[in-house]
Amino acid sequence: MVTNPKSLENVSLRIPKDYVGQLDVTTTYKNILTQDALRFIVLLHRKFNNRRLQLLENRTILQRKINDKSYQFDFLPETAAIRNNPIWSGPTILAPGLIQRHTEITGPPVRNMVINALNSDVDTYMTDFEDSLSPTWSNLIDGQINLYDTIREKVDFTNESGKNYSMTKTFIESPTLIMRPRGWHMEEKHLYVDGEPISASIFDFGLYFFHNCNELIKRGKGPYFYLPKMEHHLEAKLWNDIFNVSQDCLEIPRGTIRATVLIETFPAVFQMEEIIFQLRQHSSGLNCGRWDYLFSTIKRLMSYKEYILPSREQITMETPFMDTYVSLLINTCHRRGVHAMGGMAAQIPIKDDSVKNNNVMMKVIRDKTRELNKGHDGSWIAHPSLAKICNQVFHSMGTKNQLYKIPTNFSINENIKLLLLPNNELGNIKITEENIEYSIKVTLLYMGSWLQGNGCVPIDNLMEDAATAEVSRCQLYQWVKHKIQTTNNKIITISFVSKLIKDEADRLYKQYNNNTVFYTVAKLLLKDLSSEQTHEFLTVLLYDELIITENPTIESHEQEFPSKL
């Protein structure tokens, strides 16, 4: 790799002074934050961060146009030639370990969870640095260490209680590893380059790719990624340019990297074809990120009273606007020869109630069967116990994928139908006081857990992550903004919601041993709901508070930085 000898000047590392890394493991943070690795990610940041910032500004400009009703969502006229060209496709050869993806398990890169996921009877494992990970320094670096050790088959360990965790298969026999870095909107404020925090996307991707790409190739797999939260095809082009530069730097053939894009934002639904086109040789498909898509739809159309949504449990994948989103995604992917992955089954087993548990599992079976019949090539689960169900459903297709199946049974005017949201389809929206209380509960519990370093939280037999919490938060904002009336004729105002937030904070404070974090997040939530424009992301709203909680100190600075490692 060629870099400027002075490439680490004006680079500073700011980490919690009490960070010691994981115990009982051989790899340390110094194996991850090597000078060469840092030069690599600093190079990528300096080359591409200005484009990232401009693309984020474009999102803000778009939102202003939506708010003043000067923007009409539709397929982009300037990219019609891409959509109308029947010749181009994704990679002609599917990557090793990605041909069959019937069941994908997801979760944060916590050491025991990594081992449990890779011991599961699934095809692939999406290890998540985004929605299910709170980005504390220890979570981020320990997560990189865990993947580094996993790929080299050195991940076995014994926890503080004496329980041993070990791999039951070799890495090549294990589910294929896919890494999800954080989205373009996030910064990594533990590492500063030229006075600004490094892009979190580049930080996560760069460290993983630099250390592991050659080892992954040697072991018969490859550097595979899930790309979250994109809203425009030029954001996919930015990733593609970073992939090309990264492969060139490490002298790896272009096209070695493969990436699946989560279609989980409302603007991206109208640019799915263009997103695949921008990634082309690096594309491994698209995924229906159902919860984030719902969140993005609420957020982007917040100003329109006619697009108010009911509480999230009333919106299913059979709801026409969600069903059309799925059909369009599968049609787009299969015409271009790449995978169309299904959404998350967030259910977790109910161990103490067999009747309820059976009902939940039947719900999962119905959901996965629907995805199979629609034409998905595989689907997501959040808990290993659901692998058997998902496998049974998707193995029944009899082939490794369904790329041959191209849905055509949806209107040619997909763009119009995509905007037919539930209040147009389901009649009057009915929101109960219990719906509001539950949304507050989920939001406060998740926010409180996130600030304490846990980004993956079981609540009422569902595995909640940032995406599901975002739906609850934005629905609260939407209901307050438009002063919706509840079924018992109460107007949802900020004062009404404020009292419910205080009551829930009091309850959680007592339930969790007088934990004051719930008062902290209650204030943050109330401030957000009271603002003229809600925060783009819950994680951005909380991030500075997380950094303050860690009490970082500057351990090194500028020219001194390399010698400190």
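**View 1. The second largest cavity has a volume of about 40 Å³.** This is a predicted model, in which local features need pLDDT of at least 70, side-chain atom pairs count only at pLDDT 80 or more, and totals for chains, interfaces and linings use all residues. Residues are numbered from 1 along each chain as its sequence is written, and side-chain values use heavy atoms, without hydrogens or water. A cavity is a set of points, on a 1 Å grid over the protein atoms alone, where a 1.4 Å probe fits but cannot get out, and lining residues have an atom within 4 Å of a point. Grid points are joined across faces, edges and corners, and a volume is the space filled by probe spheres set on the points. Look here for Ser 311, Arg 312, Glu 313, Asn 435, Tyr 438, Ser 439, Ser 472 and Gln 475, which form the lining. Helix H16 (433–451) and H17 each give two or more of these residues, with H16 supplying the largest share, three. Helices here are DSSP runs of H or I with at least four residues, strands are runs of E with at least two, and both are numbered from the N terminus.

**View 2. The largest cavity has a volume of about 100 Å³.** Among its 16 lining residues, Glu 130, Asp 131, His 185, Met 186 and Thr 539 are the closest to the centre. Helix H17 (residues 466–481) gives the most to this lining, three residues. Sorted by class, the lining has seven nonpolar, three polar and six charged residues; Ala, Val, Leu, Ile, Met, Phe, Trp, Tyr, Cys and Pro count as nonpolar, Asp, Glu, Lys and Arg as charged, and the others, Gly among them, as polar.

**View 3. The largest pocket has a volume of about 690 Å³.** A pocket is an open set of points with protein on both sides within 12 Å along at least five of seven lines. Of the 27 lining residues, the closest to the centre are Trp 291, Glu 313, Gln 347, Lys 363 and Leu 462. Helix H12 contributes the largest share of the lining, five residues. The pocket lies between domain 1 (30–306) and domain 2 (430–548), because both give residues to its lining; these bounds come from an automatic or database domain assignment.

**View 4. Helix H2 has a kink of about 50°, centred on Phe 48.** The bend at a residue is the angle between axes fitted to the seven residues ending there and the seven starting there. After H2 comes Lys 69, with a positive phi near 65°.
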